[in-house]
Amino acid sequence: MSAGVHTTAGGAAAAQLQEGIFFRPGEMAPPHFRLLLLDVRPGTSAADAGAALREIGDTLRALQRRGEVRDLQPTRVGESAATVPAEGFSMLLGYGASFFDAARHNPPLTTADRPAYLAPLSAGESALATIPWVEGANESVPGEADLCLQFTGVSASGVARPAVELWKLITDRHLPLGIRGSHDGFQRDDGRSWIDFHDGVSNIESSQRLAALAADPDPGWMASGTYMAFLRLRIDLAAWRMLSREAQETIVGRDKLTGCPLERVGHADGALLPRPFAGCTAGDAQYRDPPQTSDPLVEASHIHRANQNRAQPTTAASQRIFRQGYDFLESIGPEGPRLGLNFVSFQKDLARLQHVLSQTGWLGDVNFGGPTNPGAGEPEPVVLMRLLAGGLYAVPPRGEPFPGAALFTT
Amino acid sequence: MTQAPGGLCELCAEAAAAWDHLLAEVVAEVKPPPQALATADTRTQELTGPDWPAMPARIQSCLGRRQAHALLDWRTDHGDEGRRLHQEEYLEWRVVRADDGNPRRIEMTTEFGDYWKVLAGYQPEETLKLVASFAGEETIDPRAVYGDLDPFGAAVDPSQRSAAFAATMLAATGRPMANPYNNGQRAICCMVQASNTLKALINLVAASAEPHVVIDAVTKDRRPMSGSEAIQVIREGAAQDCRNSDPVVVERVVRLATEGRLIAFDDPIGVYIRGVEHGQLIRPDGSDVPAEWFKLCRGVGPDEAADGRPRYQRLTFEVPEGAGFTLADLKQRGTGDRITHGAQLAEVVTLGVYVRTSTAGAVAVALEPESLHAVMPCPEQRSCDELRASWEAFEAAEGERTT
């Protein structure tokens, strides 16, 4: 007997995705991340904006391939250019909702259709159903802009340098662009998050990631592209550490030390007794994708809420998204650390992320995890995450001279 | 005795027995495999079940979102053609529009015609009251629901009433629906799309209740088949790929079967409105639409259910009078679009079924890996050609209406 497999898992669609999405078998996201947000100056023509992006593309490729930087070019007779380490970063270009906003850009930058779910994250009274803003945060360093450039690389300087080189270029060449802000982050070397639990354990199997990533041709210019979500989430570590280990495990859905998923949460003398699947050991590949459970407390945990249907990405209602997050530590002082997660996800459709974050029973009725109406002894709802900044971006397929170049002539 | 869908308590004893009998008949007809039990028993104590977005996925992947929205709301002189042809996720709706064409109210249902046939057969008075209430009318002429049959005639039996109701209120396969009390013109009572039936749902679950595993092409690990993969090998016609509902139900049930579990439908059987993402709709001032504007009924709520799970089957959404704006002034948060079509509400509605299962390993299962072959991506599958043809017919019909 034979079964079907979607041919989107083939190499053609994968080859079309921009660099900077580390979804292929054996690939690991490099440890450093920087997201640079760019606005096109209002009143700029589509042709001038396109030309500016072309210059940016040329500059970044020269840095990426040959290690060329603006201020190390020869200025004296007989000199050769000095270079910096090349191949140090990957780059990805995304288009935000405001890029398509004719009220903001007159003349418009494009006449191409805006993807339906590419809308301002900050529309309405709250960005996300259960994740409140850190007061005033989005205004100071926003997450939304006309364009974003994601740099990922093996060193902090490798992802900082292209951002600074861009500033030089924009300044020197009077490009009609403005840098709106920047966010950075890093991957931990222990596979855990700030709350000390394993993170990314049940991310999608590499063989199935493309099905979660590759956008449908609606609109047509997004065919074989993808969509990026960026949420800079501050984590209240002090509040988290007030919870018992048992409460934390019940909220997350895993054993804190081994990472094994819970099968049940029992009660004894008013205390919680989280029970991982019997036979699971630390790092057990068999339990990367948690087995089915029907314990309501386990179903209410974060790992189940984030993937309630436990279906594979080719299944439309799976709502699977590919996460490629980076932690951050902004500062640490007398008040304690200001830290969190740059939640970065790529998905074939932004509606998927919306469903995950707003459906009841998924993450639409809790801030992070746990029961909404806890019984005696069960963990009370806790606001663990607040939004510092966030934005949604369309990431068109590779293109020349830069991804999405055709938008400026459409 | 099995419960009525939604846990409704409106059936008289004879009607309840008839519903019980109908369920048993349908289950016998689909011939469930050994791991699927006809009814839940003490072995199947655990409750689970997938959920899915109510927005039809297949039509969207074939035509794109905007065309899909328009086609799904296609209304002709015979009522809601878009609904009859394409609202295939076990939820159907009608849009009540104002004179200017803007939506005023959206009504959705997951109720099976099979259930309504039982109700109409045994309880004509209650049936007429229910239809009248959905239509917003004081009373209703029995002929509107039973055709030429007098449902209160002394010699009329339940099977005659049931048949008359079906002939009058439910669509004959391939035919437009003439009856305004279920074609959307005056009301929507129960589902009519060809695949939104009790038998289709039972067959879908039963056909999936067998283990199917493959060796993953990349990781080389053994894993349960995905929904799309399993649909290729389970009973032909039991499920359709590229929908929201079928692949996710198939995948979940196959996975449960692969874990060596027994599977049974929960009682009451039904497709339920599990939730509405009310925060995804915003008022003109940017504030969230209140949850109270979504009226859920025809089933028990979480507070009334012993297991705390909602089992609603009907949703009515409208802006209360005096709000100072209309439904058409609301926007979707995620897209920024104004509400113009019923599908936009379907995009924020979550449906689900519940199944009961035993613990894993309750039965021994053979896990022989099956081979894989290529399947076209959804937008390239042949069924898209039919949807594109339907779009052309819609465009032509709309063109005629406006010229």
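A salt bridge puts a side-chain nitrogen of Lys or Arg within 4 Å of a carboxyl oxygen of Asp or Glu. This is a predicted model, in which local features need pLDDT of at least 70 and side-chain atom pairs pLDDT 80 or more, while totals for chains, interfaces and linings use all residues. Residues are numbered from 1 along each chain as written, chains are lettered from A in the order written, and side-chain values use heavy atoms, without hydrogens or water.

Q: Which residue forms a salt bridge with Arg104(A)?
A: Arg104(A) lies in the loop between β3 (89-96) and α3 (137-140) of chain A, and its partner in strand β2 (residues 32-40) (a DSSP E run of at least two residues; helices are H or I runs of at least four). The pair therefore ties together parts 65 residues apart in sequence. The closest N and O atoms are 3.3 Å apart, and the partner is Asp39(A).

Q: How many salt bridges are there between chain A and chain B?
A: Over all chains, the structure holds 52 salt bridges. Asp337(B) forms one with Arg114(A), with the closest N and O atoms 3.8 Å apart. Between chain A and chain B the count is three.

Q: How many residues does chain B give to the contact with chain A?
A: The two chains bury about 4,300 Å² between them (accessible area lost, 1.4 Å probe, summed over both). Carbon and sulfur atoms carry 46% of it. In the contact (heavy atoms within 4.5 Å), chain A has 48 residues and chain B has 61.
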